[in-house]
Amino acid sequence: MAGIGKGVDFEDLLPLISNKLGGEGLIKELCNGFELLMDKEKGVITLDSLKKNSSLLGLQDLKEDELVSMMKEGDLDGDGALTQMEFCVLMFRLSPQLMNESWFWLEEILHHELNL
């Protein structure tokens with residue numbers, strides 16, 4: 001993924017996953033990632049749940065300020081937590097290639113839903 005916060009770089013695996021699983025499969029995997037990171041009682045990702053569970057997604061090397069930056073970047077409504085939608089939007093925003101491919105998936109989903 002593109003850098004988070006202070007230039008931390010990640011290998012962007014989302015396009016690879018999407019190519020393998022398709023758009024629907026990617027969304028399912030993002031939802032699974034959200035479930036792993038979220039605070040089970042609150043139903044959202046908090047800074048504490050992110051710190052506690054980040055190693056489950058290979059993010060254990062991130063420093064606290066990098067996790068804080070990640071939370072701030074994804075927290076669209078400013079409530080200090082990430083909803084499932086905010087998390088998915090953040091993952092797409094951090095993957096430039098995925099953003100470009102998302103128009104293809106949108107067309108694919110619309111085509112499927114409208115039986116064109």
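The following legends describe close-up views of a predicted model.

**Figure 1. Overall arrangement of the protein chain.** The protein chain contains 5 helices and 0 strands. Read from the N terminus, its elements follow the order α-α-α-α-α. Of its 116 residues, 36% count as buried. Among contacts in the protein chain with a separation of 6 or more, 45% are between residues 24 or more positions apart.

**Figure 2. The largest nonpolar core.** This core comprises 19 residues. Leu30, Ile45, Leu50, Met70, Phe87, Leu90 and Met91 are those with the most contacts inside it. Helix H1 (14-37), H3 and H4 each contribute at least two residues to this core, and the largest share, 5 residues, is that of H4. In soluble globular proteins, nonpolar side chains tend to be buried together.

**Figure 3. Surroundings of Ile45.** Ile45 is one of the residues with the most contacts inside the largest nonpolar core. When neighbours within four places in sequence are set aside, the contacts of Ile45 are Phe34, Leu37, Met38, Asp39, Leu50, Met71, Ala81, Leu82 and Phe87.

**Figure 4. Packing of H3 against H4.** Two packed helices are described by the angle between their axes and the distance between the axes. For H3 and H4, the angle is about 105° and the axes are 9 Å apart; H3 is therefore roughly perpendicular to H4. On the H3 side, the contact is made by Met70, Glu73 and Gly74. H4 takes part through Glu86, Leu90, Met91 and Arg93. Met70, Leu90 and Met91 also belong to the residues with the most contacts inside the largest nonpolar core.

**Figure 5. Cys31 and Cys88.** A disulfide is a covalent bond between the sulfur atoms of two cysteines. The structure holds 0 disulfides. Cys31 is in no disulfide, and its nearest cysteine sulfur, that of Cys88, is 4.9 Å away. Cys88 is likewise in no disulfide. A pair of sulfur atoms would have to be within 2.5 Å to count as a disulfide. Cys31 counts as partly exposed because its relative accessibility is 23%, whereas Cys88, with a relative accessible area of 10%, is buried.

Notes:
Residues numbered from 1 in each chain as written. Predicted model: local features only at pLDDT ≥ 70, side-chain atom pairs only at ≥ 80, totals over all residues. Heavy atoms only, no water. Buried < 20%, exposed > 50% of the residue type's maximum accessible area, 1.4 Å probe, protein only. Core = buried A, V, L, I, M, F, W, Y, C linked by side-chain atoms within 4.5 Å. Helix = DSSP H or I, 4+ residues; strand = E, 2+ residues; numbered from the N terminus. Contact = heavy atoms within 4.5 Å. Axes fitted to C-alpha atoms, helices over the stretch in contact; angles between N-to-C directions. Parallel < 35°, antiparallel > 145°, perpendicular 65-115°, else oblique.
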